[in-house]
Amino acid sequence: MAAAVESVVVVHNVAKRHNVGTLARSATAFGVAEVVVVGRRDVSAFGSHGATSHLRFRHFASLALARAYLKDERGCDICGVEITDDAKPVTAHPFSRSTAFLFGNEGTGLSQKECEICDFFVYIPQYGGGTASLNVTVAASIVLHHFGVWAGFPERSREGNKFIVAEKPQGHSRGLYSADSIEAVIEERKMRKENACDILEGNGSSHQESNGLDLMFTD
């Protein structure tokens, strides 16, 4: 039997740390299997409304390490959400298998390094002339919803005017991230020496998980 199609969110270089919390809320609503945090891990869970308890997290020091995990271990395509010359409208659902979505910085969009790890790009069509772009969490919600429609994710049951929230998984403390590896420590030191300007930086590995997201999230 073929493996189930899944979606993954990659968090890197988000300028406003509190956006990660609202991004996690959208990720939970639209069936995201995992959130991959690249770089610093002191992101904020503000605005998540408890959603981080229902998500699995992994942490990596660099885009290269994250890409290796997504491609080699998860078998994902990496989709950049950006208006590029070859970007396809997300409404066309140009997906073929499990996909990891990389969203651009709120002000500058995807960097050259971020674009280099992407297999393809999608953009969100706009129909009004009052703004040039969308907030990253709004963009993420639209894209993740379209992927869920394409993948045929089953709709969550409702009760009254709300969707039913699942019970918090046992032993699941705000998610999971990978423990440190030698390669990740080296990468972290390199990043610090270069005084990297990325908003998110830190260390991680793709081979182990732990319940240490209290170290990752600040309220």
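At what angle do α1 and α4 pack, and how far apart are their axes? The legends below get to that, after some ground rules. This is a predicted model, so local features need pLDDT of at least 70 and side-chain atom pairs count only at pLDDT 80 or more, while totals for chains, interfaces and linings use all residues. Residues are numbered from 1 along each chain as its sequence is written, and side-chain values use heavy atoms, with hydrogens and water left out.

**View 1. The whole protein, before zooming in.** Six helices and 11 strands make up the secondary structure; these are DSSP runs numbered from the N terminus, with helices being H or I of at least four residues and strands E of at least two. Of the 219 residues, 45% are buried. Buried means under 20% relative accessible area, exposed means over 50%, and partly exposed is in between, using a 1.4 Å probe and protein chains only.

**View 2. Helix α1 alongside helix α4.** Here's the answer to the opening question: α1 and α4 pack at about 15 degrees, with their axes 9 Å apart. Axes are lines fitted to C-alpha atoms, for helices over the stretch in contact, and angles run from 0 to 180 degrees between N-to-C directions. That makes α1 roughly parallel to α4 (angles under 35 degrees count as roughly parallel, over 145 as roughly antiparallel, 65 to 115 as roughly perpendicular and the rest as oblique). On the α1 side, the contact is made by Asn 19, Thr 22, Leu 23, Ser 26 and Ala 27. Their partners on α4 are Val 136, Thr 137, Ala 140, Ser 141 and Leu 144. Contact means heavy atoms within 4.5 Å.

**View 3. A closer look at Thr 22.** Thr 22 sits in helix α1 and is partly exposed, with a relative accessible area of 27%. Several other residues of α1 are buried, including Asn 19, Leu 23, Ser 26 and Ala 27. Thr 22 and Ser 141 are 119 residues apart along the chain, yet 9.8 Å separates their C-alpha atoms.

**View 4. The largest nonpolar core.** A nonpolar core is a set of buried Ala, Val, Leu, Ile, Met, Phe, Trp, Tyr and Cys residues joined through side-chain atoms within 4.5 Å. The largest one here has 26 residues, and Val 9, Phe 101 and Phe 103 have the most contacts inside it. Among the elements giving two or more residues to this core are β1 (7-11), α1 (19-29) and α4 (136-151). Helix α4 supplies the largest share, six residues.

**View 5. Aromatic rings around Phe 147.** The structure holds nine aromatic pairs. Rings of Phe, Tyr and Trp (its six-membered ring) pair if their centres lie within 6.5 Å; planes under 30 degrees apart count as stacked, over 60 as edge-to-face and the rest as tilted. Phe 95 and Phe 147 have ring centres 5.1 Å apart and planes at 70 degrees, so they're edge-to-face. Phe 95 lies in the loop between β6 (88-89) and β7 and Phe 147 in helix α4, so this pair ties together parts 52 residues apart in sequence. Phe 147 also pairs edge-to-face with Phe 153, with centres 6.1 Å apart and planes at 65 degrees. Phe 147 is buried at 0% relative accessibility, whereas Phe 153 is partly exposed at 27%.
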